[in-house]
Amino acid sequence: MRWFPRTVSSFRDGGKDVLPSPNIWYYQKAYEIENRAQDVDDEIWRVLGEYRDLSGTDVLDIGCGDGFHLPRFAATARSVVGIEPHEPLARDARRRAGELPNVEVRKGRAQRLPVPDASFDVVHARTAYFFGPGCEPGLREAERVLRPGGTMMIVDLDVASEPYGGWMRQDLPRYDPPGVEKFFARQGFGCRKVMTRWLFEDAAAMEAVLKIEFSAPVAAKAIAEVRHLNEVSSGAGEKRMTLPVGYRVHTRTKPTGLVVPGHSASPSGAAAASSASPRML
């Protein structure tokens, strides 16, 4: 997820501001390589399953991109709806879902989800809410569309984890990992840190991915460090390469009974007053 702000410009979509994702919007083929390389041991899916059995549930995937995760959800869920603000990606997500009868893709934004109230058991968002403050409208929308007892699952890269998080911090030195985690804690989320393993078929695949994730100087440093980690010389390139990458899994469950003051389902103060948009959708 390449998200350092100097590369991002405002994009007008239907009169509403949408913040582009500079990797998948413009380098979709390389991002597909990245998706296939990520979490090859399914650690994130294992953790999500510990929080909530997805079997027979209705799932909403916010910021589904070109639909990479939709078939995985569809394998056990009763229904899956993917929401994507960028029409070319939404179109490709529909193609990926193909003939899956329980999957639908809709164009829309996290701030205004095109789905009814209390219509999902699970709301999932992956690499979409890095910045914490500013995503309150999206969190409120997620709460709106969840049924009582439903769970919101936010999966983000752990910017405090090395080495990937260190490269991210170099490109965004003002980013505050502890502050972001405190924000989600104040919003009523629990947090679990998960270490995963990315696996690339060769050095060329690794380089293609890191070049869309970071600025040129940081990407060059990252590539050299991954080569060193895998003991691959600059002249080689056929060896499969691994990279440890940490994630944060934030989860929050909507109450089934009376909402007490101060609970995440009853936002107040700055959270209730904020009108900022989610930073990545």
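**Exercise 1. Find the bridge partner of Val81 in E5.**

Solution. In E5, Val81 is partnered by Glu104. This is a predicted model, in which local features need pLDDT of at least 70, side-chain atom pairs count only at pLDDT 80 or more, and totals for chains, interfaces and linings use all residues. Residues are numbered from 1 along each chain as its sequence is written, and side-chain values use heavy atoms, leaving out hydrogens and water.

Next, take the strands. Helices (H or I, at least four residues) and strands (E, at least two) are DSSP runs, numbered from the N terminus. E4 and strand E5 (residues 103-107) run parallel, joined by 5 bridges. Two strands pair if DSSP finds at least two bridges between them.

Last, follow the chain. From E4 it passes through helix H4 (residues 87-97) to E5, a right-handed β-α-β crossover. Right-handed means that, with the strands pointing away from the viewer, the path from the first strand over the helix to the second runs clockwise.

**Exercise 2. Describe the other partner of E4 and the cover on E4.**

Solution. Strand E3 (residues 58-62) is joined to E4 by 5 bridges, and the two run parallel. Opposite Ile62 stands Ile83 in E4.

Now the cover. Strand E4 (residues 79-84) has 5 of its 6 residues buried. Buried means under 20% relative accessible area (1.4 Å probe, protein chains only). In the whole protein chain of 281 residues, 55% count as buried.

**Exercise 3. State the strand order of the open sheet, then explain which strands stand at the edges.**

Solution. The 7 strands follow the order E5-E4-E3-E6-E7-E9-E8, with mixed pairing. E5 and strand E8 (190-200) stand at the edges: each has a single partner strand, so one side of each lacks a neighbour in the sheet. On average, neighbouring strands are turned by 20° against each other, direction ignored.

E3 and strand E6 (residues 120-126) pair in the parallel sense over 4 bridges. Val59 has Val122 as its bridge partner in E6.

Note on methods
Buried < 20%, exposed > 50% of the residue type's maximum accessible area, 1.4 Å probe, protein only. Axes fitted to C-alpha atoms, helices over the stretch in contact; angles between N-to-C directions.
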